[in-house]
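Reader: Hi, I'm new to this one. Can you put it up and walk me through it?

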Amino acid sequence: MPKGTPTPWSYVLVRLLFQFVLKIFYGTIVVENAELIPKTGQPCVVCANHSNSLTDALLLVTSIPSSTRNMLRLTAKSTQFGRRTFTSWLIESAGTVPIKRRKDFQGDSVDNTDVMDNLMLALEAGDAVCLFPEGMSRYHPTIAPLKTGVARMLSDVLTRNRDNPDFSISILTCSITYMHRQHFRSDVLVTFNPPMTFTPKDHPELLAPVDFSHIRDVTTRMHQLISSRTIDAPSWDLIRSAKLACSIYVPLGTRMSLGDYVYVTRTFVEAFKASKGATNEIAAGPEKTVEHIKDDLEINTLRHDLKSYQDWLVRWGIKDDRIRRPLHRRAILFRMTIRLTWSLCLLTISLPGLMLWTPVFATTFYAVHNFKKSGPIWDTWDEIAQYKLVYGLFSGLLVWALVLVPALMWMTLRWFEDAVSAFRAFTALLRLLRVGKPTLKEMREKRNDLHSRVMNLAVGTLGLPDNPEKYFLEIGGREKGRVRGKWESGAKYFSVRRRRKRDWNETLRLYDKVDYPEDGR
């Protein structure tokens with residue numbers, strides 16, 4: 001069995017640096033099924049969805065345990081190489097292989113033969129190679145049709161080793177789900193799927209000469225695996241409605257893991273996608289049973305009603321949980337006092353450290369602000385997190401090298417994060433006071449109707465648990481959620497390691513992030 005290429009020191013440095021930077025930028029990074037990753041020496045192609053530019057590759061590099069695989073060979077567009085920039089140096093130092101894209105050469109034909117040969121040699125040496133079969137990164141809610149390059153390379157490698165009875169190669173698909181990919185202190189789920197393993201003996205249909213239908217079959221299986229563990233929707237509105245359905249089905253603060261949250265949200269997304277597609281088919285005239293037509297129309301109507309209810313909440317600037325658990329005016333005023341006092345206390349002790357964070361925030365803000373002007377949302381917003389990570393790392397290292405206060409800066413970030421959360425709750429309660437009793441009553445009635453319909457869909461149609469709070473508490477999910485008992489509440493109210501959020505959609509913002517850019521669809 002091959003032993004794999006020795007790990008270069010620059011790769012180790014890059015991995016350590018970005019393990020650190022990613023844990024600061026994202027509030028929680030959850031990695032699922034790391035035990036499925038083939039060990040060093042087993043040729044492996046790692047494939048994932050691609051919606052966040054270089055950040056996707058860095059997440060994969062840092063999510064794969066070094067004890068399992070010593071390194072992951074990356075690929076990147078050739079235009080990222082040969083520049084006098086920190087990003088270019090970073091990419092080249094990590095042993096990244098440049099790939100030419102037609103769109104970068106005015107549509108002219110490009111030759112990547114040497115690149116593919118080098119990647120196949122690396123695979124035959126027992127390395128893992130990272131490829132993004134969508135072909136390009138983009139800010140879009142759906143996974144683009146996968147290109148057949150990975151399957152064709154798989155066929156070429158198997159053909160080159162057709163006389164080796166011990167040779168095998170795996171395709172390891174990975175699903176990356178960002179709650180809000182470009183926002184500071186948001187959360188990320190990285191899920192590795194069961195690997196597909198191929199040998200010349202067991203898969204002679206992939207040996208040259210190969211029928212292209214077999215290449216398409218492998219590509220289709222890859223697409224199915226990747227989309228099966230992430231949120232894949234045709235529009236941002238559909239994701240928005242699915243997340244609201246999830247929050248109605250699983251009340252805010254339920255102790256559930258990020259993986260469970262993504263699973264439930266994805267289940268609603270798939271139901272809404274199916275009903276929308278079925279409605280279009282009905283309009284086209286195919287025959288369906290009356291029961292199926294009625295179910296599809298009900299689900300489609302529910303999706304539109306959820307959108308209207310979310311728009312209503314956004315207009316008032318409040319969350320669904322405020323409608324679910326109504327408060328008396330005296331309770332609202334008391335909670336406002338507590339939240340404001342706590343926010344001011346945390347902000348006060350954060351001020352010295354925030355002065356150290358100012359160069360980092362200013363540098364990243366300036367870089368991202370200028371970069372946004374360089375193109376449309378769908379072509380630029382996928383690189384915002386990359387710019388924040390790189391410029392934040394560079395400016396942060398300068399500050400830390402000069403002042404040597406990493407502990408203070410981390411504690412400041414933690415205090416400031418809780419201060420923003422407390423002030424966000426204060427402003428939400430303040431907005432709640434502006435909502436009159438008749439409006440609150442009307443919204444509560446609307447919410448009760450939606451809750452009944454969402455539960456019928458979740459339990460009766462989708463097969464989800466009928467008691468989600470109890471179910472998700474019992475199966476795990478200790479990363480976030482309500483705590484039980486006075487001692488546990490006091491012990492976990494503030495954590496140095498990370499903030500104990502009640503909502504997986506929370507970011508470091510003074511408002512709740514529920515909307516997406518309209519022209520990013």
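Author: One term to start: buried means under 20% relative accessible area, exposed means over 50%, and partly exposed is in between, with a 1.4 Å probe and protein chains only. This is a predicted model, so local features need pLDDT of at least 70 and side-chain atom pairs count only at pLDDT 80 or more, while totals for chains, interfaces and linings use all residues. Residues are numbered from 1 along each chain as its sequence is written, and side-chain values use heavy atoms, with hydrogens and water left out.

Reader: OK. Is Arg185 buried or exposed?

Author: Arg185 is buried, with a relative accessible area of 1%. Its place is in the loop between strand 7 and strand 8 (187-192). Helices (H or I, at least four residues) and strands (E, at least two) are DSSP runs, numbered from the N terminus.

Reader: What about the phi of Arg185?

Author: Phi of Arg185 is positive, about 65°, although this residue is not a glycine. Most residues other than glycine have a negative phi, and most peptide bonds are trans.

Reader: Where is Ser53, and what is its phi?

Author: Ser53 sits in the loop between strand 2 and helix 2 (54-63). Its phi is near 50°, a positive value in a residue other than glycine. Ser53 counts as buried because its relative accessibility is 8%.

Reader: Which residues does a cis peptide bond join?

Author: Ala208 and Pro209, with omega about -5°. Pro209 is in the loop between strand 9 and helix 6.

Reader: Let's zoom out. How many helices and strands does the protein have?

Author: There are 17 helices and 9 strands. The protein has 521 residues, and 52% of them count as buried. The accessible surface is about 24,700 Å², with 57% of that belonging to carbon and sulfur atoms. Areas come from the Shrake-Rupley method with a 1.4 Å probe; for residues, only the protein chains shown count as cover.

Reader: Now strand 2. How many of its residues are buried?

Author: 5 of its 5, across residues 44-48. Cys44, Val46 and Ala48 point one way from the strand, and Val45 and Cys47 the other way.

Reader: Which strands pair with strand 2?

Author: Strand 6 (residues 128-131) pairs with strand 2 in the parallel sense over 4 bridges. Strand 7 also runs parallel to strand 2, joined by 5 bridges. Two strands pair if DSSP finds at least two bridges between them. Val45 has Val129 as its bridge partner in strand 6. Val46 stands opposite Leu172 in strand 7.

Reader: Stay on strand 7. What does Thr173 touch?

Author: Thr173 lies in strand 7 (residues 169-178). Leaving aside neighbours within four places in sequence, Thr173 is in contact with Cys47, Thr191, Phe192, Asn193, Met222, Leu225 and Ile226. Contact means heavy atoms within 4.5 Å. Thr173 is buried, at a relative accessible area of 0%.

Reader: And helix 5, what do its buried residues pack against?

Author: Strand 2, helix 4 (113-124), strand 6, strand 7, strand 9 (196-198) and helix 6 (212-227). Among the buried residues of helix 5 are Val150, Met153, Leu154 and Val157.

Reader: New topic. How many aromatic pairs turn up?

Author: A search of the whole structure finds 10 aromatic pairs. Phe25 and Tyr26 have ring centres 4.8 Å apart and planes at 90°, so that pair is edge-to-face. Rings of Phe, Tyr and Trp (its six-membered ring) pair if their centres lie within 6.5 Å; planes under 30 degrees apart count as stacked, over 60 as edge-to-face and the rest as tilted. Both Phe25 and Tyr26 are buried.

Reader: How do the rings of Tyr26 and Tyr178 sit?

Author: Their centres are 5.9 Å apart and their planes at 40°, so the pair is tilted. This pair links distant parts of the chain, 152 residues apart: Tyr26 is in the loop between helix 1 (9-25) and strand 1 (28-32), and Tyr178 is in strand 7. Tyr178 is buried, with a relative accessible area of 10%.

Reader: Which residues form the aromatic cluster?

Author: Phe25, Tyr26, Tyr178, Phe184, Trp357 and Phe361 form one cluster.
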